[in-house]
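Here is a short note to read with the model open beside you. Please take the points in order.

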Amino acid sequence: MNIGIIGTGSLGRMLIEGFIEQKICQPDQIYISNRTIEKMQKIKSIYPLINLADNNKCVLEKADWIFICVKPLDLPFVFQETGTSFPDNKLIISTLLAPGLEYLDSLIKGKVLRIYPSITQSTGHGVMLVAFGKRVIETEKRELLDCFNRLGKAFEISERYFRIAGDITSCGPAFMAYMTASLANTAIEHGLDKSLALDMAGETMLGTALLLKEKQLSFEQMINQVATPGGCTAAGVQILARDLSPIIADLFQATREKEKEIINNVTESMQNLF
Ligand SMILES: NC(=O)C1=CN([C@@H]2O[C@H](COP(=O)(O)OP(=O)(O)OC[C@H]3O[C@@H](n4cnc5c(N)ncnc54)[C@H](OP(=O)(O)O)[C@@H]3O)[C@@H](O)[C@H]2O)C=CC1
Ligand SMILES: O=C(O)[C@@H]1CCC=N1
């Protein structure tokens, strides 16, 4: 089976690394294309056997599973080039937050699904949300889910929940990194050396994740084990309990509004082209 990646930005690159590092396929089974050629050449310098396609159409011809990893407003240009009619043995896999499956299923003659991956999955950990279009059959679903589960955990859910779940899983790594960096930055303001603070923050984030995973601690157990009764962690947690909720509520609202804006813009630009 050959894998195609259209768009080798952050996410396309993560998928390439994940497929190769988790031994889902060999580099010579992957065909990639990107608007800016230099970006693909960098990937080829790491994986010399990977295939650089001359254009997106070549990826469609060579690959069986084709992951589209461009930004939503670039999608119309991809379909303008490749057309929207694909043979039944190809699976078109959109990583985009818009358009939705109903639109894709009506536009594309062929099999389509949506995934919402996480940048962390090149490590074999992280969450991929999955929703299948109506023409994907059961054996294909199983094969896809088996593959995605080797890149962390795949959750087949209604795409209606992609936004709120995605705030934890796909946007989450950025949000968690921001919050951890904020701890480090404040420590720097209080006089700790910058590289020490950042190193400490990263190591602590990794240790926290491993403890949750390997010892199966719940978040609550983790907090309770750290927060010695009457100690300083408990004092800090009280501040978070008092002040964090409205900030997180604003964050969910902001991602939802941005998603709506992107959906409207992409729908309009698709309608202008098709
Ligand atoms: N980053 C993430 O963690 C996640 C991203 N996604 C989704 O994945 C998609 C990609 O996101 P991300 O990787 O962050 O974005 P990037 O901007 O990093 O990557 C997009 C890539 O698409 C390329 N591209 C644009 N137009 C074309 C075209 N016509 N043909 C071929 N390649 C093209 C761009 O090329 P160029 O080098 O010229 O800019 C760029 O490398 C988005 O739709 C996003 O919503 C979903 C979940 C998580
Ligand atoms: O920021 C974005 O829009 C994409 C989707 C989730 C992560 N990156």
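**Notes on the model and its two ligands**

1. Start at ligand 1. One of its oxygen atoms is 3.3 Å from a polar backbone atom of Gly9. That counts as a polar contact, a pair of N or O atoms within 3.5 Å; within protein, one must be able to donate a hydrogen and the other to accept it, and residues adjacent in sequence count only if both atoms are side-chain atoms. The protein covers 82% of the 900 Å² of accessible area that ligand 1 has on its own (Shrake-Rupley method, 1.4 Å probe; for residues, only the protein chains shown count as cover).

2. A word on the source. This is a predicted model, where local features need pLDDT of at least 70 and side-chain atom pairs count only at pLDDT 80 or more, while totals for chains, interfaces and linings use all residues. Residues are numbered from 1 along each chain as its sequence is written, chains are lettered from A and ligands numbered from 1 in the order written, and side-chain values use heavy atoms, without hydrogens and water.

3. Val70 uses its backbone instead, with an N or O atom 2.8 Å from an oxygen of ligand 1.

4. Now the shell of ligand 1. It has 22 residues, and Leu11, Asn34, Thr36, Lys39 and Val70 are the closest (near means a heavy atom within 4 Å). Ten are nonpolar, eight polar and four charged. Here Ala, Val, Leu, Ile, Met, Phe, Trp, Tyr, Cys and Pro count as nonpolar, Asp, Glu, Lys and Arg as charged, and the others, Gly among them, as polar.

5. Turn to ligand 2. Leu97, Tyr116, Ser170 and Cys171 are the residues around it. Alone, ligand 2 exposes 240 Å², and the protein buries 43% of that. Its shell has three nonpolar residues, one polar and no charged.

6. Is Asn56 buried or exposed? It is buried, because its relative accessible area is 12% (buried is under 20%, exposed over 50%, partly exposed in between; 1.4 Å probe, protein chains only). Its side chain makes a polar contact of 2.5 Å with that of Ser33.

7. Last, the whole chain. It has eleven helices and eight strands. Of its 274 residues, 40% count as buried.

Note on methods
Helices (H or I, at least four residues) and strands (E, at least two) are DSSP runs, numbered from the N terminus.
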